[in-house]
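Please work through the following questions and answers with the sequence and the model in view.

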Amino acid sequence: MDEFMLIFRHEDGNKVASPEQIQIWMKQTMDWIGSISAKNKFIGGNGLLFQDARVVRHNNIVTNGPFGEIKETIGGYIMVKADTIEEAVAFAKGSPVLQGDGNTVEVRKIAQRDGIH
Amino acid sequence: MGEPELIPHLFRTEYRKIVSVLGKLFGIGQIEIAEDICSDTFLTAAQSWGINGLPPNPTAWLYRVAKNKAINYLRRERLFESKISPALRKDHAHFQEEDIDLSLQNINDSQLQMMFAICHPSISPESQVGLSLRLLCGFGIEEIAEAFLTNRETIYKRLLRAREKLREEKISIELPPPKEIHKRLEMVIMTIYLLFNEGYYSLSQNSTLRKDFCLEAMRLCYMLVENPSTNEPAVNALLALMCFHASRFEARESKSGEPVLYDEQDTSLWNADLISRGAYFLHCASNGDEISTYHLEANIAYWSTQKTDSREKWETVLELYDRLLQIKYSPVAALNRTFALYKVVGAPLAIQEAEKLNLTHNPFYFSLLGELYTNIDKDKAVENFQKALVLLSSDFGKQVIQRKLEKLGHLS
């Protein structure tokens, strides 16, 4: 079985939604993760805060950010176990993040520690 | 209480105390000698009390006799060491006879220290439970074998290996240093949790014994709560969990000893006192940032003490299972989560989720699906219940499914 990372890209929820709406999203996210966990396929995950973010660039230039294209910002990730990329994609399709137009969930296979990667 | 019932009763309450104190004194390497002296003390009691009648204070009598036997043993050992075989000196601790201290304080301290010694990471959880039942709870090999649905020899060998391991590892009977307590406590409470489950979910027919296991687990946990150095949030959460479960002891079994399903229980038999104690310990458990699996399970167990079918209840329970599964997956939790999901979103969606669990070796997977299909597709319900029937091993479980099939108009 392989491991995949599901990377969420979306806007800062605090800027586009009320605390009540965020509460609803949180709950939906919990249920979504719960449904993956119930299949014993959940490994772990985290949300990333939008406040106080920096990007360190070439020559150690530090900028606020990474807010180039707002919907392209990484807001969090989870890691799952799946037999195929299709199975991982099926998990991703359930993510509440995708309710937002323009938001994405990127599905990437995690490199095994096999000495090649 | 007359003499015939008194000795087994005292064995249950006093054996573990004497064995902890003597074991602590002799060291883990000689724990069997401590056990032998204890057993011998009770044998002497049975003989002497049978002939001479009960002493005025049986417990004090037991302590005195155990102490004398320990002193005699030590004298013989010393004689052997000094006169007969100075070259074969044993390296066990040398201590004074007056060190045999059977005061309440020392009994409690020794039991707590013994708990940490037994629940040592070097021995398997299964052996820890076995040794705890023997040394901390005073259950006989016979009783332990009955609860585990196995024979005497298996348990005897398991305990023997566990003791050998403790000896090899030179585990000392003491509390870990303060820095390590938190880590080591995890193992101790896991053993208590397994001990409780062994009683609560055992298939053994002996319901008194099963209940005793649960009460012993609660007593051990309470000892941890009472001691400031081990009174951690997770310990309180575990005690809360056990109180909530134990509150249904009287209701979950009929007068004839048959199990009674949760939905069919007479709630007036639920023990309100234990429920409120559970709530108290759950409150104590919220002292701190830590949310352990015991916290989540205790919260779920709290909701089981509320029979009302409110939306709030099932939404909360669903969320608790979501979080529990993230930390610790188990098929039971996955199935229970799906049941909570059904209560929140209804059968059609829950069936979709349930079928993805694919726990096709688990009878409860099929009985859950049967349940979910009952009002949607009778044929599928029957099909799933029949699959559950094939996989179930207990007679009671089979009867429950048979009844459900009959309700669906399907006579097997």
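Q: How many residues of domain 2 of chain B are in contact with domain 1 of chain B?
A: This is a predicted model, in which local features need pLDDT of at least 70 and side-chain atom pairs count only at pLDDT 80 or more, while totals for chains, interfaces and linings use all residues. Residues are numbered from 1 along each chain as its sequence is written, and chains are lettered from A and ligands numbered from 1 in the order in which they are written. The assignment, which is an automatic or database one, gives domain 1 (1-102) and domain 2 (104-225) of chain B. Counting two residues as in contact if their C-beta atoms, placed from the backbone, lie within 7 Å, 16 residues of domain 1 of chain B meet a set in domain 2 of chain B that numbers 17 residues.

Q: Which helix gives the most to the side of domain 1 of chain B that touches domain 2 of chain B?
A: Helices here are DSSP runs of H or I with at least four residues, strands are runs of E with at least two, and both are numbered from the N terminus. Helix H1 (3-26) and helix H2 (31-52) of chain B each supply at least two residues of this side of domain 1. The most, ten residues, comes from H1(B).

Q: Is B:Leu175 buried, partly exposed or exposed?
A: B:Leu175 sits in the loop between helix H7 (152-168) and helix H8 (178-201) of chain B. Not counting residues up to four places away in sequence, B:Leu175 touches B:Leu112, B:Gln113, B:Phe116, B:Ile181 and B:Ser229. Because 17 other C-beta atoms lie within 10 Å, B:Leu175 is partly exposed.

Q: Which strands stand at the edges of the four-stranded open sheet of chain A?
A: The sheet has the order E2-E5-E1-E6 (chain A) with antiparallel pairing, where two strands pair if DSSP finds at least two bridges between them. Five bridges join E2(A) to strand E5 (residues 74-82) of chain A. Each edge strand has a single partner, so one side of each is left without a neighbour in the sheet, and these strands are E2 (42-47) and E6 (104-109) of chain A.

Q: Which helix gives the largest share of the side of chain A that touches chain B?
A: Ten residues of chain A are in contact with 13 residues of chain B. By class, this side of chain A has four nonpolar residues (Ala, Val, Leu, Ile, Met, Phe, Trp, Tyr, Cys and Pro), two charged ones (Asp, Glu, Lys and Arg) and four polar ones, the class of the others, Gly among them. The largest share, six residues, comes from helix H2 (residues 19-37) of chain A.

Terms used: Buried ≥ 20, exposed ≤ 12 C-beta atoms within 10 Å, placed from the backbone.
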